[in-house]
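Colleague: I'm new to reading protein models. Could you walk me through one, feature by feature?

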Amino acid sequence: MRLPWRGRFLFATRRALLFYLPPMKVVILCGGLGTRLREETEYRPKPMVPVGGRPILWHIMKTYASHGHKDFILCLGYKGEVIKEYFRNYHWNTSDVTLSLGQNPSVKYHNRHDEEDWTVTLIDTGQDTLTGGRIKRVLPYVGDDTFLLSYGDGLTDSNINASIEFHKKHGALATVTAVAPASRFGELSLNGDTVTSFREKQDDEVSLINGGYFVLNPKIGALLTGDNCIFEQEAMRDLTAKGQLKAWVHRGFWQCMDTFREQQMLEQMWQSGKAPWKIW
């Protein structure tokens with residue numbers, strides 16, 4: 001039986017509310033040295049290495065913003081001033097401008113951009129602080145609500161909101177997005193420096209790895225011991241031992257940018273107009 005208009009409206013409204021996700025704060029780790037990408041990171045932090053003329057950090061933030069999460073907390077460290085300068089001058093660098101010179105100078109911006117509703121908090125979390133320590137330092141800015149965490153060097157088309165729903169359903173302290181990177185190389189077995197066997201890996205044999213996109217309860221702060229805490233080691237091992245780490249499995253696109261070759265690969269994807277992570 002077809003519901004009357006009012007009934008259909010109320011049903012659709014209740015359904016929309018059921019799937020509504022309030023925006024969350026997004027913590028992004030931006031302080032590492034990026035030593036394997038020295039060609040670029042000698043002059044800037046790795047999150048500022050460009051893909052398609054924009055820092056990879058911008059692409060990550062666009063992914064979150066496309067899911068409705070636009071309140072960012074950036075954990076700065078190595079060359080953090082470069083990231084501060086980028087966002088301080090964001091409107092200036094992305095707009096056509098008219099300058100009025102003289103004793104009362106003024107600036108008129110001629111463009112608008114989709115990032116005008118973003119909030120970006122930039123926190124110096126220390127030059128040598130490790131990942132767990134960086135997270136612990138920004139927890140006062142997170143508050144008591146569940147938050148999102150990402151590294152500043154990986155792109156994906158993962159459904160962020162679906163991972164949040166998964167996290168809520170299971171009620172654990174932490175959820176990690178598990179990904180299966182493309183298998184590019186064959187598997188060698190060695191005896192000393194002699195190859196004893198060679199087998200080409202199949203795609204369905206690739207192990208799942210930490211994709212660097214998390215949903216976290218701020219109570220994880222109790223597992224973060226200080227600046228020398230490595231989140232991926234101490235904290236995640238403790239979470240695993242307590243049964244408090246769940247995995248949201250993403251079988252779609254994911255790619256980190258650890259090397260110059262990977263940066264060039266992402267650049268080629270963008271220039272081809274077929275960048276899988278561009279979901280906005």
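This is a predicted model: local features need pLDDT of at least 70, side-chain atom pairs count only at pLDDT 80 or more; totals for chains, interfaces and linings use all residues.

Colleague: What share of the 280 residues of the protein chain counts as buried?

Modeller: For this chain it's 41%. The accessible surface here comes to about 15800 Å², with 51% of it belonging to carbon and sulfur atoms.

Colleague: How many helices and strands does the protein chain have?

Modeller: Those are DSSP runs, numbered from the N terminus: helices are H or I with at least four residues, strands are E with at least two. This chain has nine helices and 15 strands.

Colleague: How do I read a helix that has a buried side?

Modeller: The general idea is that an α-helix has 3.6 residues a turn, so residues three or four places apart point the same way. Take helix α8, residues 231-241: its buried residues are Phe-231, Ala-235, Met-236 and Leu-239. They cover an arc of only 95° around the axis, which puts them on the same side of α8. That arc is taken from the directions from the helix axis to the C-beta atoms. On the face turned away from the buried side, α8 carries the exposed residues Arg-237, Thr-240 and Ala-241.

Colleague: What covers the buried residues of α8?

Modeller: For that we need contact, which means heavy atoms within 4.5 Å. The cover includes α6, β8, β10 (174-179), β13 and β14 (245-250).

Colleague: Which residues of helix α4 are buried?

Modeller: In α4 (residues 80-88) they are Gly-80, Ile-83, Tyr-86 and Phe-87. Down the axis of α4, these buried residues fall within an arc of 120°, so they line one face of the helix. Glu-81 and Arg-88 are exposed on the face turned away from that buried side. Among the elements covering the buried residues of α4 are α3 (56-66) and β7 (119-124).

Colleague: And how many of the eleven residues of α3 are buried?

Modeller: Ten, so to speak: α3 is mostly covered. The buried ones include Trp-58, His-59 and even Lys-62.

Colleague: How should I think about phi angles?

Modeller: Most residues other than glycine have a negative phi, and most peptide bonds are trans. Lys-79 has a positive phi of about 50° although it is not a glycine. You'll find Lys-79 in the loop between β4 and α4, and at 22% relative accessibility it counts as partly exposed. Glycines with a positive phi turn up after helices here: Gly-68 follows α3 with a phi near 95°, and Gly-243 follows α8 with one near 70°.

Colleague: Last one: what is the volume of the largest pocket?

Modeller: On a 1 Å grid over the protein atoms alone, a pocket is an open set of points with protein on both sides within 12 Å along at least five of seven lines, and lining residues have an atom within 4 Å of a point. Grid points are joined across faces, edges and corners, and a volume is the space filled by probe spheres set on the points. The largest pocket has about 700 Å³. Among its 31 lining residues, Gly-32, Leu-33, Gly-34, Lys-46 and Asp-153 lie nearest its centre. Strand β13 gives the largest share of the lining, four residues.

Technical notes
Residues are numbered from 1 along each chain as its sequence is written. Side-chain values use heavy atoms; hydrogens and water are left out. Buried means under 20% relative accessible area, exposed over 50%, partly exposed in between (1.4 Å probe, protein chains only). Accessible areas come from the Shrake-Rupley method with a 1.4 Å probe; for residues, only the protein chains shown count as cover. On a 1 Å grid over the protein atoms alone, a cavity is a set of points where a 1.4 Å probe fits but cannot get out, and a pocket is an open set with protein on both sides within 12 Å along at least five of seven lines; lining residues have an atom within 4 Å of a point.
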